[in-house]
Amino acid sequence: MEKELISGAEIMIRALQAEGVKTIFGYPGGSIMPVFDVLYDYTRGEKKAFDHILVRHEQAATHAAEGYARVSGEVGVCIVTSGPGATNTLTGVADAMLDSTPMVVIAGQVGIAALGTDAFQEVDLVGVAQPISKWSYQIRRPEDIAWAVSRAFYIARSGRPGPVVLDFPKNAQVDMAEWKPQRVDFVRSYVPYPTPDARAIAEAAALINSAERPLALVGQGVELGNAHNELLEFIEKAGIPAARTLLGLSALPTGHPLNVGMLGMHGNYAPNVKEQECDVLIAIGMRFSDRVTGLASTYAKQAKVIHIDIDKAEIDKNVKADVAVVGDCKVTLPAIMRLLKKREHRAWLESFAPLYRLEYEKVIAPAIHPAGGPLLMGEVVNAVAEATGGEAVLVTDVGQNQMFASRYFKYNRKRSIVTSGGLGTMGFGLPAAIGAAFGAPGRTVCMFTGDGGMQMSIQELGTIMEHRTPVKMILLNNNYLGNVRQWQDMFFEGRRSFTHMMNPDYAKVAEAYAIPYSLVTERAGLAAEVGRMIATDGPYLLECAVKEEDNVLPMTPPGKSVDEMLLEIN
């Protein structure tokens with residue numbers, strides 16, 4: 001029987017199909033044209049296997065792939081060309097690396113004969129991507145494509161997830177080879193799922209059983225490990241109050257009685273203060289970011305620290321652990337839970353309430369139910385949260401809109417927050433929301449952005465227009481780079497250096513992209529316009545003219561301990 005010889009480009013597409021890929025975000029160009037030529041047949045007719053979403057910028061392709069991955073639990077995929085097409089993806093690659101998002105970027109490259117000659121649109125992609133990706137590799141022969149793709153997906157999705165970059169020279173796309181499906185499920189020296197140490201599990205359980213004031217810090221690792229039920233059983237059996245990181249907000253339902261709020265610089269007052277009072281701190285799938293710990297030298301010095309994480313590199317990196325349980329939390333949490341005593345810690349849990357009431361009185365109530373004055377960001381977020389009943393996916397850009405949205409949204413379902421945590425990438429929101437809409441087609445996707453972030457990726461309104469992507473865009477327009485303006489006011493003597501924004505007429509912008517639009521300037525019309533937005537099929541842009549000098553509170557100032565949070569700015 002004769003071997004079936006096909007082009008490397010077709011091998012690539014078949015390899016993606018073998019990995020179960022359904023949606024690809026991309027942008028064609030010279031060095032990736034053979035792949036897009038094959039993709040033509042695989043996106044239509046009897047051969048159709050994929051939906052290809054043409055974005056308007058390659059960075060947007062990566063953020064869309066991130067949004068898709070975050071809500072679906074699958075690997076996000078994007079295909080771009082070489083040179084600037086490839087370098088435009090690097091911000092998204094770095095973003096995915098810091099936030100542990102599984103993604104595979106396939107970038108065209110000049111043929112291997114031209115490598116090193118400074119050929120048109122040649123960039124050493126493997127070299128520049130290596131420090132910010134989980135794996136980067138150049139596929140030089142069509143015979144290696146199936147193996148490389150399978151290995152890429154295995155690395156991207158296993159263990160602590162992350163981005164993989166495949167550099168795909170043009171000769172490997174056009175040369176012919178036999179299609180031989182590959183399945184990589186082992187990489188030498190790579191141990192994605194460490195075997196938990198039985199002694200560490202016993203020590204962790206003993207510490208928790210002896211604790212009088214335990215506090216769990218829940219990170220995105222619970223979401224990534226699909227360990228939501230295991231987390232609930234764990235904290236409910238031992239009666240442990242649980243706070244969540246920014247990326248872990250939907251790992252625990254907002255209304256759960258053991259949920260004590262959000263951690264971090266702009267988190268809730270009670271859990272931040274109580275981190276400095278607890279006797280056992282249980283970190284689950286989180287990395288002790290500086291935005292969580294505040295001044296590291298003073299952080300939780302009174303507590304015994306149990307760190308549960310799949311990545312050994314995170315242990316003792318920022319906070320010294322007394323007990324380290326290295327392994328998949330879907331395995332380690334039940335193992336510890338089986339050794340726990342049934343407890344309630346009622347007095348300890350009740351001690352959070354006065355701190356919450358103080359924050360509610362000084363910060364939350366004025367933010368979501370103001371007595372008068374201009375429209376506030378908090379009340380807009382609250383109105384959308386009430387209208388969606390905790391069932392929607394929240395996507396945010398970066399800045400004040402991100403903090404207000406994260407704080408006041410409601411989360412009843414897992415995988416319900418998509419935001420740029422570690423890298424803090426402005427412009428993330430709009431393309432990530434597009435990806436989230438394709439990754440969770442049955443859910444309402446609400447994207448909050450500021451006027452700064454909106455203009456960083458405003459071209460993606462073209463993607464929304466083309467696909468009628470049902471993203472509900474809430475633009476919190478304060479005519480400032482609000483977060484930087486707040487810091488300038490607090491720490492730079494009010495010297496507002498280049499933070500005031502001149503904005504376009506968003507009504508005309510929306511009209512140009514055939515997207516329904518409305519403007520809210522008064523709170524009397526807020527609820528009706530939010531209702532109209534939610535009820536409208538397809539995309540919607542709701543612009544809210546909010547107070548220019550609204551500030552995000554509480555806030556732990558840089559260089560301060562977490563219990564030195566400010567509830568007001570003098």
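The largest cavity is lined by Ala69, Arg70, Thr101, Pro102, Gln220, Glu223, Leu224, Leu247, Ser250, Arg415, Ser416 and Ile417. On a 1 Å grid over the protein atoms alone, a cavity is a set of points where a 1.4 Å probe fits but cannot get out, and a lining residue has an atom within 4 Å of a point. Helices α3 and α10 (221-224) are the elements that give two or more residues to this lining; helices (H or I, at least four residues) and strands (E, at least two) are DSSP runs, numbered from the N terminus. By class the lining has 5 nonpolar, 4 polar and 3 charged residues, where Ala, Val, Leu, Ile, Met, Phe, Trp, Tyr, Cys and Pro count as nonpolar, Asp, Glu, Lys and Arg as charged, and the others, Gly among them, as polar. About 90 Å³ of space lies in the largest cavity, a volume being the space filled by probe spheres set on grid points that are joined across faces, edges and corners.

The model is predicted: local features need pLDDT of at least 70 and side-chain atom pairs count only at pLDDT 80 or more, while totals for chains, interfaces and linings use all residues. Residues are numbered from 1 along each chain as its sequence is written, and side-chain values use heavy atoms, with hydrogens and water left out.

The second largest pocket holds about 660 Å³ of space; a pocket is an open set of grid points with protein on both sides within 12 Å along at least five of seven lines. Of its 31 lining residues, Thr254, Gly261, Asn268, Tyr356 and Ile364 are the closest to the centre. Helix α16 (353-368) gives the most to this lining, with 6 residues. The lining divides into 16 nonpolar, 9 polar and 6 charged residues.

Helix α3 (residues 58-72) also carries Tyr68, which pairs with Phe25 of strand β2 (residues 23-26), so the contact ties together parts that are 43 residues apart in sequence. Rings of Phe, Tyr and Trp (its six-membered ring) pair if their centres lie within 6.5 Å; planes under 30 degrees apart count as stacked, over 60 as edge-to-face and the rest as tilted. Phe25 and Tyr68 are both buried (under 20% relative accessible area, with exposed over 50% and partly exposed in between, for a 1.4 Å probe and protein chains only). Ring pairs link Phe25, Tyr68 and Phe438 into a cluster.

Phe409 and Phe448 form another edge-to-face pair, 6.2 Å centre to centre with 75° between the planes. Phe409 lies in the loop between α18 (400-408) and β16 (417-418), and Phe448 in strand β17 (residues 445-450), so the pair ties together parts that are 39 residues apart in sequence.

Strands β16 and β17 belong to an open sheet of 6 strands with parallel pairing, in the order β16-β15-β17-β18-β20-β19; two strands pair if DSSP finds at least two bridges between them. Strand β15 (residues 393-396) and β17 pair over 4 bridges, and Val393 stands opposite Val445 in β17. At the edges, β16 and β19 (517-520) each have a single partner strand, so one side of each is left without a neighbour in the sheet.
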